[in-house]
Structure formats: structure tokens, C-alpha cells
Amino acid sequence: MKLRGLKKTAQEPASASEGRLSRIVESARLGVWDWNIETGELVWSRECLEMFGLPADTEMNYDRFLEAVHPDDRKLIDEAVQVALRTGGEYSTEMRALWPDGTLHWIESRGRVSFNPDGKPIRMSGAGMEITRFKETEEELERARAEAKSQADNLAAIFDAVPAVIAIAHDRACAKMSSSRAAFDLLRSPYGSNLSKSAPEGERPTFAILENGKELSVEELPVQRAAASGHAVLNKELEVRFEDGSSVFVFGHAVPLFDVAGEVRGAVGAFLDITDRKVIEERLRATTERFQVALRGTPVTVFNQDADLRYRWIYNPAPGYNPLEIAGKRDCEFLERAEEAAAMEAIKSEVMRTGESYQGEVVIHLNGEPRCYHVNIEAQRDAQARIVGVTCASFDLTERRRAEAEREKLARQRQLALNAAQLG
């Protein structure tokens, strides 16, 4: 009796262990298989048959197993089995199962070979698990990586191709920046160097950055401000001054970069080289200033009108007239006499119609007095040679004509006096 009890006690833990193992196998969706190499019998569990899309009552053998595998994988799987049988190593492989409905399912299978005392393989047992979802995820990750790499390569190519100063700060402190090739060229720095003014001592570039003639501190720079505040810094026109005293000018914006949690992780700035524009603007400003100085105190007025004969600008208008008040108006909106305004607009319209210039004298009443002007009116053309308005210059002849009239009057009086003297 005591022996039976001991035997029962010893069997109960084994049975419980088998039950737990069975539950683990079921919950893990593992399929187990056993192949009797001597008899050719191949036993698959229900889960194993389900993985290959086979009915639960399917009779299995090695050839039937290979038929369930995708044709492109059969040779690879058979070779893996034969290697395990020859070497006694562990059989481990991944394969695609071709279901009867034509769908593909990925399965990972592992097994081990058992040998008889003579070293002949007699059995091979193992387990399989469907990994289709993992493979799909893996493929999606690979596609995502490939797409991300492609986008990164495209961005790098754009980075080097675009003729703009682009700087990307990789941290909120802006200690390290990646820059476009144009940035290194414009800022006269070695390619690949750190162009950040926030870089550690010894790495910082030596040029100064100014706004409206004032040198900016590191904290005031656009990229650093965007990274620190988390807000865009727009429409900044800056001067980059080098140690030799020369300068270049840039215009652009800086915006913060955020991580997946919405925290600022850096900033990017993009700036265009406007040095040529600034030079042209300065030359134009100087030319305009000299032009205005030359006109000031003279009886010459110069103005421009668009295709609707509205004044765009006017320099040195007649006394009592403000250029800002004339801009945007037509002659009929500020000249005192409608017939004179109509006559002037008719002349200008004819110049725009024909493209031929006009020179002549006109009389215009200003401040209640008639004034005589010599006018020169030219058609203004755009880059495509289309007439888009007129440019005019007028010279006030009023005083000259008065002087001439006075001289003629005096000459007549003198002649009358001479004639009277001879008559007497």
C-alpha cells in the first residue's frame, strides 16, 4: 500500500506539469510536431496544422509538409532539415506557408534530432509559431527605414543644392548646428565645421552678426531665440561682418523644432543672401539723394505715372504741393482747372498709345495763377517692352516768360520814345 501511495504521489506532479505545459503551449499558440524518421510518420498538433491552413484531420508526412511550404522556400527548408540530420545540430528556420486560399503566412520552426546508439537519426521533434504579424511589422519598419533614409538623402541633396544659408540646431542650447553648403561658402568657413555662435569655446566662428548696425548677443540670434522660446522668429535682416571688415547681408526666418512629446528639441533657420540687393539699394538711395539735392531749389519737377495715369512718385513739385498728397492721384483730382487736367491726360494717353515722346509748352493754373511749363513726356516700359506708364520732366518757364514779356514791353516803350523824338 505504501508503495502505491508513493507511486501515485510521484505521478501527480508529472501529470500537473504536463497540464501546465499544455496550457502554456496553447496560450502561446505553439504548434508541436514529431517525425519518426524510421517509419516516416509525421504527427502535427492541431495548432501546427492551423498555421499551414490545413484541416485538423490532415494526414501528414514529410512530402506533404514540403507541399504546404511556399515553392520558393522548399529547397531551403529541405536543406536545413538534411543538415540537421547529418550534423545533429538544431534545426531552426523561417518559412512561408502557402495556404489553400492562396494567402501567405510566415512560420518560425525549431527542432532537434534524436539518434540511436549507432548514431543513426531516428526521430526529429520540435515546435512552430506563426510570425506573420511580426514579419509584417518588420517589413513595415524596413519600408519606414528605407523611406526615412530616402527622405534624409533627399533633404541632404536639397540642403546642398539650395542657394540659401540653412542651419539646423540639434539641441535647445544650439551648441551644435548642421549647415548647408551655401552657408559654409557665404560665411567663409570650412565645410563641416560648427557654425553655431553657441558652440563651446574654440569652436565658435569669428564673424559678428549685426542688426541695424548693432551687434547681437548669442541669445538674440534668430535660431537661438526660436529654440529658447519655442516661437518662430520672422523677417530678420542681418549683417554678417568678418574680421577683415567686409560684410554680407542675409534675410530670413527661424522656427523651433519639436519632438514627439511636443518639447522643443532645436531650431532651424533659413536665410537668403541679399548682399547684392543691399548694394543696389544703397546705390539707388545715394543716387536718389543726389537727384533730390540736384533738383532742390531748381524749377524742375520730375514725376512718374502708371498706366491709369496715377502718380507713383513726384520730386520737387511746385510750391504748396505735397508729394505724399499727390501720390496715387490723377491730374483731374488735384489740378485746379478741369480743362487743363483733361488736356494733360490726353497728351500722356497719346504717348502711351503710340510710344512716341512729347515735348512742348503747357499752361497750368496753380494756386490761382497761370504758370507756363516746358514738359518732356516719355513712355515707360517694363522688362518685356510693354508700356506701363509715363515718366515726365517739367521746367517752370513762368519767370522766364515774364522777363521776356517785360523786355518786350520795355523795347516797345523805347521804340515809341525814339519814334516820338524823331517826330519832334
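This is a predicted model: local features need pLDDT of at least 70, side-chain atom pairs count only at pLDDT 80 or more; totals for chains, interfaces and linings use all residues.
Residues are numbered from 1 along each chain as its sequence is written, and side-chain values use heavy atoms, with hydrogens and water left out.

**Overview.** I counted eleven helices and 17 strands in the protein; these are DSSP runs numbered from the N terminus, helices being H or I of at least four residues and strands E of at least two. Of the 424 residues, 33% are buried, a word I use for under 20% relative accessible area, with over 50% called exposed and anything in between partly exposed (1.4 Å probe, protein chains only).

**The sheet.** I then followed five strands that form an open, antiparallel sheet in the order β2-β1-β5-β4-β3, two strands being paired if DSSP finds at least two bridges between them. Because β2 (42-44) and β3 (91-98) stand at the edges with a single partner strand each, one side of each is left without a neighbour in the sheet. Neighbouring strands are turned by 25 degrees against each other on average, direction ignored; the axes are lines fitted to C-alpha atoms, for helices over the stretch in contact, and angles run from 0 to 180 degrees between N-to-C directions.

Going through the pairs, I found that β3 and β4 (residues 104-115) are joined antiparallel by eight bridges, with Tyr91 having Gly111 as its bridge partner in β4. Nine bridges hold β4 and β5 in the antiparallel sense, and here Ile107 stands opposite Glu130 in β5. These two strands make a hairpin with five residues between them, and Gly119 in the turn has a positive phi of about 85 degrees. Between β1 and β5, also antiparallel, I noted seven bridges, and Asp34 has Ser125 as its bridge partner in β5.

Helix α4 (residues 71-87) lies across β1 (30-36), β3, β4 and β5 (121-130), and runs at about 155 degrees to β3.

**Cores.** Which residues have the most contacts inside the largest nonpolar core? In this core of 25 residues they are Trp44, Phe52, Phe65, Tyr91, Met95 and Met124; such a core is a set of buried Ala, Val, Leu, Ile, Met, Phe, Trp, Tyr and Cys residues joined through side-chain atoms within 4.5 Å. The elements giving two or more residues to this core include α4, β3 and β4. Apart from this core lies another, of 22 residues, with Tyr321, Ala341, Met344 and Leu366 among them.

Thr301, in strand β13 (residues 300-306), is buried with a relative accessible area of 10%. The C-alpha atoms of Thr301 and Ala393 are separated by 5.7 Å, although the two are 92 residues apart along the chain. A polar atom of the Thr301 side chain lies 2.7 Å from the backbone oxygen of Asn316.

Definitions and conventions: Contact means heavy atoms within 4.5 Å. A polar contact is a pair of N or O atoms within 3.5 Å; within protein, one must be able to donate a hydrogen and the other to accept it, and residues adjacent in sequence count only if both atoms are side-chain atoms.
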